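Dear colleague,

Please find below the structure that I am handing over to you. My findings come after it.

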Amino acid sequence: MLSLLAGLLSITCLTQLASAHGSLKAIEVGGQRYMAWQINQDQFQKPPPIRYARGCGDAGNIPISTLIPVNTGAKVKFVWDQWGSSHSGPVMTYMARCTPNCETFKGDSGPAWFKIDQMAYDKSKNPPWGSDMLGRNGATWNVTIPSSIAQGEYLRHEILGLHVAGKPNGAQFYPSCTQIKVSGSGTANPKGVALPGAYKPGDKDGILVELWKFNQGMVTYIAPGGPVWTGK
Ligand SMILES: *[C@@H]1O[C@H](CO)[C@@H](O)[C@H](O)[C@H]1NC(C)=O
């Protein structure tokens with residue numbers, strides 16, 4: 001139990017440490033705004049406020065029972081409180097089907113996480129890093145829920161900050177776990193990667209990296225977690 005919790009904290013739940021740089025504030029779907037867990041505030045509130053993204057860090061990876069209703073093919077907008085321009089890195093959104101439901105699902109075992117959206121480093125774009133693009137777009141990011149996936153309950157969206165990633169464990173993960181209930185007529189039930197598990201601290205293409213080498217075109221950046229699922 002302890003080692004499992006430690007693994008989760010180091011890989012998926014650094015938001016507490018990282019909260020000075022940015023955290024997910026809200027999620028918008030169809031013009032409706034839903035609040036995320038508010039770091040450094042919500043854990044002091046009794047009773048806990050109603051939130052649609054679960055708490056991380058000190059609050060633990062604690063499933064909640066609330067779900068945002070979303071149709072397949074619909075757009076989901078993630079709204080961060082801020083995003084520091086020096087924290088370049090990829091923006092990645094995964095989904096995992098909560099089984100049997102998000103209220104009990106922790107998502108910490110098995111290849112549950114399939115990537116539905118990503119912007120890593122694309123030098124044809126200005127700015128080329130996903131997180132810098134997110135910052136430029138008012139600290140927001142849109143993703144479209146794949147139209148082919150089966151209905152059910154799903155979660156997650158994250159930013160990886162690589163500004164001090166040149167030293168072991170320097171990469172900073174800013175995960176968020178939004179809980180959504182997907183409706184639609186799709187049937188796909190994709191397999192993905194395990195988180196924790198898929199991110200290796202020694203990954204020299206995506207995690208243990210020096211930003212300036214990519215920025216100067218010396219090496220190619222490959223985001224961790226594998227490619228975006230092609231069955232959308
Ligand atoms: C995200 O989607 C909203 C709603 O469709 C749109 O107003 C906004 O411009 C989009 N943001 C970006 C960065 O594309």
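Predicted model: local features only at pLDDT ≥ 70, side-chain atom pairs only at ≥ 80, totals over all residues.

Residues are numbered from 1 along each chain as its sequence is written, and side-chain values use heavy atoms, with hydrogens and water left out.

Around the ligand are Lys75, Asn137 and Asn142 (each has a heavy atom within 4 Å of the ligand). Two polar contacts, defined as pairs of N or O atoms within 3.5 Å, deserve mention. A side-chain N or O atom of Lys75 is 3.0 Å from a ligand oxygen, and a polar side-chain atom of Asn142 lies 2.5 Å from an oxygen atom of the ligand. Of the 360 Å² of accessible area that the ligand has on its own, the protein covers 41% (Shrake-Rupley method, 1.4 Å probe).

A search of the whole structure finds 1 disulfide (a pair of cysteine sulfur atoms within 2.5 Å). Cys98 and Cys102 form this link, with their sulfur atoms 2.0 Å apart. The link is right-handed, with 65 degrees about the S-S bond. Both Cys98 and Cys102 are buried (under 20% relative accessible area, 1.4 Å probe, protein chains only). Cys177 also counts as buried, because its relative accessibility is 7%.

Yours sincerely

Technical notes. Polar contact = N/O pair within 3.5 Å; in protein donor to acceptor, adjacent residues only side chain to side chain. Buried < 20%, exposed > 50% of the residue type's maximum accessible area, 1.4 Å probe, protein only.
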